[in-house]
Amino acid sequence: MRESQPKEIRLQDYAPPPFLVERVELDIDIRADDAIVRATLAVRRNGAHAQPLVLDGDELELLSVVLDGKAVEYKVTPETLAISGVPDAFMLETVARIVPQKNTKLEGLYATKSGFVTQCEAQGFRRITWFVDRPDNLAVYTTTVRADPGKYPVLLSNGNRVASGKGWARFEDPFPKPSYLFALVAADLEVIEESLVSRSGKTKKLFIYVEPGKADQAAWSMDCLQRAIRWDERRFGLELDLDEYKIVAVGDFNSGAMENKGLNIFNAKYILARPDIATDTDYLNIDRVVAHEYFHNWTGDRVTCRDWFQLSLKEGLTVFRDQEYGADTYSRAVTRIQEVRALRAAQFPEDAGPMAHPVRPQSYLEIRNFYTMTVYEKGAEVVRMQHTLLGEEKFQKGMQLYFQRHDGQAVTCDDFVQAMEDASGTDASSRIDLAQFKRWYDVAGTPVLDCAGSFANGVFELTVKQSMNPPFHIPLAVKIGEHEEVLSVKRTEEKFSFKCESKPIPSLLRGFSAPVILNYPYSEADLLHLLAHDDDPFNRWEAAQRLATEIILTRKGQPSAAFLNSIEFLLKEKDPAFIAEALSLPSETFLAEQMAVVDPDALHASRNALRLALATRFKDEFLNLYRKNEIQTSYSPDAASAGKRALRNLALSYLMELETTDVVALCYEQFGQQDEKLANMTDRFAALACLANSNARQRAIALESFYGRWKDEPLIVDKWLAVQAGSRLPDTPARVRELLTHPAFDLKVPNKVYALVRTFAANHVRFHAATGEGYSILADQVLALDALNPQVAARMARGFDRWQRFDDSRKEKAGAQLERIRDRPGLSKDVAEIVTKALA
């Protein structure tokens, strides 16, 4: 038997909690083999009703229940504790036993290498104690933590430390918060500390705790945190509201990081960095994730979501804020291109697949399955569109109004949109009506804009048809001739006219002003003109992507002379980071979405044929770029230096398509990095990735050398696993099988699973091997993971999302593996929801 059929939770059924917990006193005693949790709750009835009090729980052993100092009758199930006939206001004390030492789900309180930490979003707090575990119950917490002082000298929780002694500490958090923001740490950790004077002149203390021996890898994260705090003061006028702000980094964590009020818990991957162990991508990701979690202090903590359907209220808004931070900190153009590339590669397929859902889902079986690209990245695009429609000044007024109205509350996406609309203008002529715009929150799917243009008598007429019915309100940024504006597309079909002296080549969807698919009958000459002359960097990149897509999908990777001439022009650009983006071909995942029936082998061959053609034609130019962009100074993660390394390593990857003796020697020399003063993981790993995709004899030598040197650094070992799982060589599935039994791999550690299993599932040509071996590998791991960590297992199961896009033979093999997963007795609801929808 599978788990009892889970109940579908629907947005339309939302009702406020019958009871509210207003104050919480926790006493958590972590012992050698378990933990005892005593919770004292101040509870009051919410409205006039006679319902029983029902508290949520999960894997709790109930030891006692006392109401207003007296024993009370109750009914307990594995998931609920119910008490009937309670007064309107009362004190409830429960004592429960939990076993964090055996908690492989990594939710609630669980053991890590260095001690114990918590992860409570979305429903982990119920794994600590019985509670009204939902985001619209905001309470004030006092927490006492007890643990062996010899083993776990660092004790932390939300708020301020008000008392402590040997083996215990008490914390009071003055800010009401939902239970998902609760945090606790009892561990052996090192700490780095800095002070910062806020805009208002107050001194703030900042702490980053890491596992022993890693303190020298936390300096970059501290720098990122301070810059994020300063940026939020400047751009949004938001100041850190705490005297102390703490971050704890651990190696065992299901996701990236968690914004618990004043005590963020991070995956160490997004904290630890040093030039010899972290790449430019790692440095950038750390900067963005540290900023993201800090920005949650206001957009998520001070104002939170009423229910989990409103998850994008905090996540979409905060992703937009961290995107703007990235754009202001690095290159706005390159940052935007990278965001759109990721959106198209992952979110667009999600919108077209079995797990398609709106930014605000209408229902779910397991909320953990909806921490998705749609909720986060598409949600950020929905916020960005409001910024585009209002402009920076009015958008900031909307943010201020949002906080004025809702600080300390749990609210909805509609509340945010209403604040934006109210801030847009005070009269009918200036006010922007966002009623139609709200469809972006509640309707799934990627809108398609089919555009056409005609020119006659000095007038260019643009016709725009949208696929959504009822139609969306879509901001379409255009430049036609000398006219640049944002068009509001609100009807199924609309026409816009522009006076022009000659027939223009329209620049449409500038800056990717809306998350849509835009079709326009550009000729190759039109796209080459836009690539060379458009003053919008995004649309120059987009022209290059359209040209490459057409060559790969219709010409078997054989470029025209005109395209090669345009590449020659592009190679002479001044911005290395932009050249690197423009020369990066569309991914196979993105290209597959353009095909009626996906042939992964033909697609892979065609894309590689274009890479080889470019490498052959521009070998001398790529060698020149490689030498020209070499940096002869010590490593710096600044944008200019990162851009040079990106272009240099892209040039190397193209050259390695030739696999000539001189190029392979050059690549292996870069991998070796003899000058330790200039050595950095960005260049070393880029060279290793090139070798991992080659048949050169140096491949095995480099992989063995890399592991031998870095086997004691878990995050670098993850890179070693990933570079092999992502290899395009035909024997990759067999190698993945071997790595699954390698000492470097541990199924209980999410980072290892993501590095090996998820990377392999994203290896388009090898995961979708005609033999079906890739599907079998993934199914095996999903089933093994489901018994340990259903949340991670469900994420891995998403690798099957697009299985029905392939040929009949592959569909038969993938379908059989999905059925094997579905039919496993005791399957978690996390995985069951994913595979059931995939098979529907």
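The side chain of Asn539 reaches the backbone oxygen of Leu508 at 2.9 Å. This is a polar contact, meaning a pair of N or O atoms within 3.5 Å; within protein, one must be able to donate a hydrogen and the other to accept it, and residues adjacent in sequence count only if both atoms are side-chain atoms. The model is predicted: local features need pLDDT of at least 70, side-chain atom pairs count only at pLDDT 80 or more, and totals for chains, interfaces and linings use all residues. Residues are numbered from 1 along each chain as its sequence is written, and side-chain values use heavy atoms, with hydrogens and water left out.

Asn539 belongs to helix H10, which covers residues 537-554. Helices (H or I, at least four residues) and strands (E, at least two) are DSSP runs, numbered from the N terminus. With a relative accessibility of 7%, Asn539 counts as buried. Buried means under 20% relative accessible area, exposed means over 50%, and partly exposed lies in between (1.4 Å probe, protein chains only). If residues up to four places away in sequence are not counted, Asn539 touches Ser507, Leu508, Leu509, Arg510 and Asp534. Contact here means heavy atoms within 4.5 Å.

From this residue we turn to the whole protein. It has 27 helices and 31 strands. Its radius of gyration is 28 Å, close to the 28 Å that the globule rule gives for 840 residues, so the protein is as compact as a globular protein of that length. The radius is taken over C-alpha atoms, and the globule rule is 2.2 Å times the number of residues to the power 0.38. Along the principal axes, the C-alpha trace spans about 85 × 70 × 60 Å.

Of the 840 residues in the protein, 58% are buried. Among contacts between residues at least 6 apart in sequence, 69% join residues at least 24 apart. The protein exposes about 32,600 Å², and carbon and sulfur atoms supply 50% of that area. Accessible areas come from the Shrake-Rupley method with a 1.4 Å probe; for residues, only the protein chains shown count as cover. The protein has 104 positive and 119 negative charges, and their mean positions are 0 Å apart. Lys and Arg count as positive and Asp and Glu as negative, while His and the chain ends are not counted. The place of a charge is taken as NZ of Lys, CZ of Arg, CG of Asp or CD of Glu.

In helix H1 (residues 219-236) we find Leu225. Leu225 has a relative accessibility of 0% and counts as buried. Leaving aside neighbours within four places in sequence, Leu225 is in contact with Leu206, Tyr245, Ile247, Val290 and Tyr294. Between Leu225 and Val289 there are 64 residues of sequence separation and 9.7 Å in space, C-alpha to C-alpha.

Helix H2 (residues 280-295) contains Leu284. Leu284 is partly exposed, its relative accessible area being 25%. Apart from neighbours within four places in sequence, the contacts of Leu284 are Tyr330 and Gln338. Leu284 and Leu610 are 326 residues apart in sequence, and their C-alpha atoms are 29 Å apart in space.

Helix H3 (residues 311-329) holds Ser312, which counts as buried at 4% relative accessibility. The Ser312 side chain reaches the backbone oxygen of Val375 at 2.8 Å. Val375 is also among the residues that Ser312 touches, together with Leu317, Val359 and Gly379, when residues up to four places away in sequence are not counted.

The loops hold some backbone details. Glu121 and Ala122 are joined by a cis peptide bond with omega of about 5 degrees, and Ala122 sits in the loop between strand S11 (115-119) and strand S12 (139-146). Another cis peptide bond, with omega of about 5 degrees, joins Asn469 and Pro470. Pro470 is placed in the loop between strand S26 (459-466) and strand S27 (474-480).

Asp68 is not a glycine, yet has a positive phi of about 50 degrees. Asp68 is in the loop between strand S5 (61-67) and strand S6 (70-71), and is partly exposed with a relative accessible area of 41%. Glu659, also not a glycine, has a positive phi of about 50 degrees. The loop that holds Glu659 runs between helix H16 (639-655) and helix H17 (661-672). Glu659 is partly exposed, with 31% relative accessible area.
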